[in-house]
Amino acid sequence: MSSLVDMLLPYNTINIIGMTKNAGKTTVLNHLIRDFGRRGVGLALTSIGRDGEEIDVVTQTSKPRIFVAAGTIVITTEKLLPVCDITKEIVAVTDFATPLGRVVVVRAISGGFVQLGGPSITTQMAVLVADLQGLWAEKIIIDGAISRKSLASPTLTQATVLCTGAALAADANSIIDQTCHAVNMLMLPKAPKDDGDHIYLPGAVSDARMRELVLSRDIKGRCVIADDASKVFISSDTYSKLLTRKGTLAVRAPINLVAVAVNPVSPRGFVLDAEEFLAKMRAAMPIPVYDVAQKECLI
């Protein structure tokens with residue numbers, strides 16, 4: 001199997017999303033920073049929230065810090081700049097406001113630890129990505145969240161990595177089931193060009209909305225069409241009912257989910273058997289699955 005970085009080399013914009021807090025997004029980000037750095041690939045890094053702090057401000061659990069090399073472009077905020085221990089050059093100060101001040105673009109003159117903090121509004125992130133691609137970076141990595149799947153839209157990022165693990169549930173089978181459903185939703189295919197007799201659902205596709213549709217209409221052979229995966233909020237049970245009645249689900253703007261990364265360690269103190277968990281996840285997933293922490297231990 002190719003390495004995760006090999007999988008991502010063809011893409012210029014990459015989004016990392018997590019099934020839950022402490023799913024291992026920062027560990028994956030650090031792995032990509034190191035591996036791309038070994039290959040001499042210039043990076044720009046940002047986040048839809050805050051990342052890189054030693055203690056998670058929400059869960060009060062410890063987190064990996066983010067170390068960047070000289071030359072890296074870092075998108076953060078005015079209030080986080082003082083806690084970035086790099087020597088830095090201010091490249092741009094934007095008008096994008098966050099609770100931590102305006103979004104700022106800096107270039108690392110020296111290596112060091114940083115905290116990321118970019119815009120949470122998709123249109124603002126799109127402007128940043130367009131500017132960075134045109135001027136300063138070979139690859140842009142966005143630290144995202146599964147609740148903000150719109151940031152994985154192909155209009156913004158070319159490839160997505162989903163992080164999952166023991167923080168999601170205490171039982172490996174439950175983690176696998178929940179992750180399988182998330183993968184199914186993220187990998188919904190592109191809707192047919194000719195809508196024909198299909199059913200287009202604008203806006204949010206909720207569980208209640210889909211159940212009502214499945215129960216009230218003949219959907220055999222018909223495709224239910226949503227705008228994109230960020231608008232789909234249905235349970236695995238509801239999705240199964242749709243498939244049982246010979247209906248399908250598709251989106252107008254598909255997401256390119258290229259890999260799943262797993263974290264067998266929970267911040268609540270329990271640890272899954274890493275090799276067994278990885279093997280089970282690989283058997284269940286239609287795309288490559290990685291445990292980058294295991295790989296780092298072998299280097």
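Guide: Contact here means heavy atoms within 4.5 Å. This is a predicted model, where local features need pLDDT of at least 70, side-chain atom pairs count only at pLDDT 80 or more, and totals for chains, interfaces and linings use all residues. Residues are numbered from 1 along each chain as its sequence is written, and side-chain values use heavy atoms, leaving out hydrogens and water.

Visitor: Which residues of H4 and H7 meet?

Guide: Ala-172, Asn-173, Ile-175, Ile-176, Thr-179 and Cys-180 in H4 meet Phe-277, Lys-280, Met-281 and Ala-284 in H7. Those residues divide into seven nonpolar, two polar and one charged. Nonpolar covers Ala, Val, Leu, Ile, Met, Phe, Trp, Tyr, Cys and Pro, charged covers Asp, Glu, Lys and Arg, and polar takes the others, Gly among them.

Visitor: Why is Ser-266 called buried?

Guide: Its relative accessibility is 5%, and buried means under 20% relative accessible area, exposed over 50%, partly exposed in between (1.4 Å probe, protein chains only). So Ser-266 counts as buried. Ser-266 sits in the loop between strand S15 (257–263) and helix H7 (274–284), and touches Ala-166 and Ala-167, leaving aside residues up to four places away in sequence.

Visitor: What makes S10 and S12 a pair?

Guide: Two strands pair if DSSP finds at least two bridges between them. S10 and strand S12 (residues 223–228) have two bridges, in the parallel sense, so they pass.

Visitor: What makes S10 and S14 edge strands?

Guide: The open sheet runs S10-S12-S14, and strands S10 (199–200) and S14 (248–253) each pair on one side only.

Methods: Helix = DSSP H or I, 4+ residues; strand = E, 2+ residues; numbered from the N terminus.
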